[in-house]
Amino acid sequence: MPNFNDLNLDNWKESEIWTDSLWIINERDKTGKHSNFYHGNFVPQIPRQLISRYTKKNEVVFDPFVGSGTTAYESETLGRHFIGVDIQKNLVEQLKLKVDNAKYFSEIISGDSAKNSTFDEINNILKKQRKEKVNLAILHPPYADIVKFSNLKNDLSNAKSLKEFLNGFALVLKNTISILENGRYLAIVIGDKYTAGQWIPLGFYCMNEAQKLGLTLKSVIIKNMEGNRAKQNKEGIWRYRALSSDYYIFKHEYILIFKK
Ligand SMILES: C[S@@+](CC[C@H](N)C(=O)[O-])C[C@H]1O[C@@H](n2cnc3c(N)ncnc32)[C@H](O)[C@@H]1O
């Protein structure tokens with residue numbers, strides 16, 4: 001029996017945990033505090049599945065790219081403590097007003113997750129909360145320069161090259177691994193991109209960075225991308241562009257699962 005979650009395997013047939021490596025999520029869950037105002041957020045079902053499968057109640061979930069707080073809200077709903085970081089101060093201030101610290105702590109700080117000093121702060125939070133380590137890490141970095149999140153120099157979406165992005169991402173990984181309990185899980189949510197007519201397998205490069213740091217790859221999950229283009233009635237034009245050229249339209253991203 002796994003000792004890293006609260007699933008009751010006596011009822012395994014009724015479990016809502018997805019065990020396939022293909023996740024087709026047709027609709028974003030809009031219940032609770034999730035508002036979908038943030039361009040580049042992920043669907044709440046992703047952190048919900050990961051938190052339910054890889055943590056127990058009262059354990060600590062960590063997200064070094066917290067954005068609009070999807071992981072924070074899911075942690076709260078599922079009865080887990082939460083620590084998050086984002087480089088955008090205003091975003092963090094807004095989020096701090098929305099999270100509920102009553103029963104489970106939710107500590108969100110602004111900072112650069114590639115920097116050791118940010119993790120000194122996180123270690124102080126862990127000490128204050130009488131926790132040794134975090135029990136699950138969920139990383140949803142910028143997909144390199146695909147969506148620009150801010151004008152801040154150290155925002156990974158402003159990295160000047162793929163190499164610079166991967167170096168920065170590897171530092172975030174290294175810092176995150178340092179606060180993750182041994183034997184526990186780390187998930188990366190990432191997609192690929194085209195640059196100058198060439199498919200850049202960002203997902204595979206990020207996977208490689210995690211493996212170089214000694215993490216064990218446990219799964220590569222393929223998830224469908226939401227139909228933003230369909231909603232904007234732009235599917236046709238993208239299909240025409242794909243046919244008149246030699247590329248494919250991105251319809252998937254990856255959820256990479258690792259164990260420390
Ligand atoms: C893809 S978004 C994460 C979205 C989040 N999962 C959500 O559901 O809202 C990536 C986030 O990383 C932040 N970011 C970029 N570089 C960073 C860095 N060096 N340290 C911390 N946060 C960073 C951006 O500000 C952005 O909010």
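Select Ser 113 and the ligand: a polar backbone atom of Ser 113 is 3.0 Å from a nitrogen atom of the ligand, a polar contact being a pair of N or O atoms within 3.5 Å. The protein buries 99% of the 600 Å² that the ligand exposes when taken alone, with accessible areas from the Shrake-Rupley method and a 1.4 Å probe. The model is predicted, and local features need pLDDT of at least 70, side-chain atom pairs count only at pLDDT 80 or more, and totals for chains, interfaces and linings use all residues. Residues are numbered from 1 along each chain as its sequence is written, and side-chain values use heavy atoms, with hydrogens and water left out.

Then show Phe 42, where a backbone N or O atom lies 3.1 Å from an oxygen atom of the ligand.

Turn to the largest cavity, with about 80 Å³ of space. On a 1 Å grid over the protein atoms alone, a cavity is a set of points where a 1.4 Å probe fits but cannot get out, and lining residues have an atom within 4 Å of a point. Of its 13 lining residues, His 34, Ser 35, Asn 36, Ser 68 and Thr 70 are closest to the centre. The lining comprises three nonpolar, seven polar and three charged residues.

Move on to the second largest pocket, of about 270 Å³; a pocket is an open set with protein on both sides within 12 Å along at least five of seven lines. Its lining includes Pro 2, Phe 4, Trp 12, Ile 17 and Arg 53. By class, this lining has six nonpolar, five polar and one charged.

Finally, display the whole chain. Its C-alpha atoms fill a box of roughly 60 × 45 × 35 Å along the principal axes.

Terms used
Polar contact = N/O pair within 3.5 Å; in protein donor to acceptor, adjacent residues only side chain to side chain. Points joined across faces, edges and corners; volume = space filled by probe spheres on them. Nonpolar A, V, L, I, M, F, W, Y, C, P; charged D, E, K, R; others polar.
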